[in-house]
Amino acid sequence: MSRRLLPQILLLQVRRDARALEHERACYLSACRDLGEFSFRNLPDEPAVRWADVRGFEVLMVGGSGECSATEEYPFSAPLGDVVRRWITEGRPFFGSCWGHQFLAVALGGRVVTDRYTSEVGTFAVELEAAGRRDPLLAQFPRRFQAQMGHHDYVSELAPGTDSLARSDRCPNQIVKVVGKPAYSTQFHSELGRRQLLERLRLYQDDYLPEGRSMEEMEAAIRPSPAVRPLLRRFLEMVT
């Protein structure tokens, strides 16, 4: 019996902290388990990403970032934008999480803003929009579910040709889908559960710990997010 070949997945990372870089890789590997073969590229270290570097992969993912903002330009911003737009145009499977969600919006013509008053750091409730309740990726999702967050920026204006599938009380575009393409993004961290968010927050507590809150208080406040944990696996099963 021949062995089924696993889809080749490229995770593009935007991490300057080596501990966070490795933690993010481990979280994606855990969340996706045996549904793909992962390769990794950290854009701050290798900014000149080209189509030739990505075209051999079947799935492209863009992760989060504790140090960079999608509202700013970096050496990797322009080449990454070119790659993402071509990838989407060709109808290839794409998934962006947190910074990757925001960058997708910017690359396709949307708008991202920084607003500390609407920051979400911890576990927050997300509610499906009508379009989300009809979407095949989210067919088994509860209408309202918990998700793990860590962001100061958010998508304030959707890009043309995209739909919002879910929202939270503070953030209007928690899940975005490119219409007619196998391309999704989430403002929340699809690869993180409660334990992983606490581990990540400890790495970034100087910048992300809410004012007046201690790590002990955050540990008590952060809750499980069982509905989200299968999301990346469902995405891979659907598109591959």
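Modeller: A cavity here is a set of grid points where a 1.4 Å probe fits but cannot get out, and its volume is the space filled by probe spheres set on those points. The model is a predicted one, and in it there are 2 cavities of 30 Å³ or more. The largest cavity has a volume of about 140 Å³, and of the 14 residues that line it, Gly 150, His 189, Arg 200, Tyr 204 and Tyr 208 are the closest to its centre. Two elements, strand β7 (144-151) and helix α6 (194-203), each supply at least two residues of this lining, and it is α6 that gives the most, with 3 residues. By residue class, the lining of the largest cavity divides into 8 nonpolar, 4 polar and 2 charged residues.

Turning to the second largest cavity, about 60 Å³ of space lies within it. Its lining is made up of His 101, Leu 104, Ala 105, Leu 108, Val 155, Leu 158, Ala 159, Thr 162, Val 176 and Ser 185, and the largest share of that lining, 3 residues, comes from helix α4, which covers residues 99-107. Sorted by class, the residues around the second largest cavity comprise 7 nonpolar and 3 polar, with no charged residue among them, whereas the lining of the largest cavity includes 2 charged residues.

Terms used. Residues are numbered from 1 along each chain as its sequence is written. This is a predicted model: local features need pLDDT of at least 70, side-chain atom pairs count only at pLDDT 80 or more; totals for chains, interfaces and linings use all residues. Side-chain values use heavy atoms; hydrogens and water are left out. On a 1 Å grid over the protein atoms alone, a cavity is a set of points where a 1.4 Å probe fits but cannot get out, and a pocket is an open set with protein on both sides within 12 Å along at least five of seven lines; lining residues have an atom within 4 Å of a point. Helices (H or I, at least four residues) and strands (E, at least two) are DSSP runs, numbered from the N terminus. Ala, Val, Leu, Ile, Met, Phe, Trp, Tyr, Cys and Pro count as nonpolar, Asp, Glu, Lys and Arg as charged, and the others, Gly among them, as polar.
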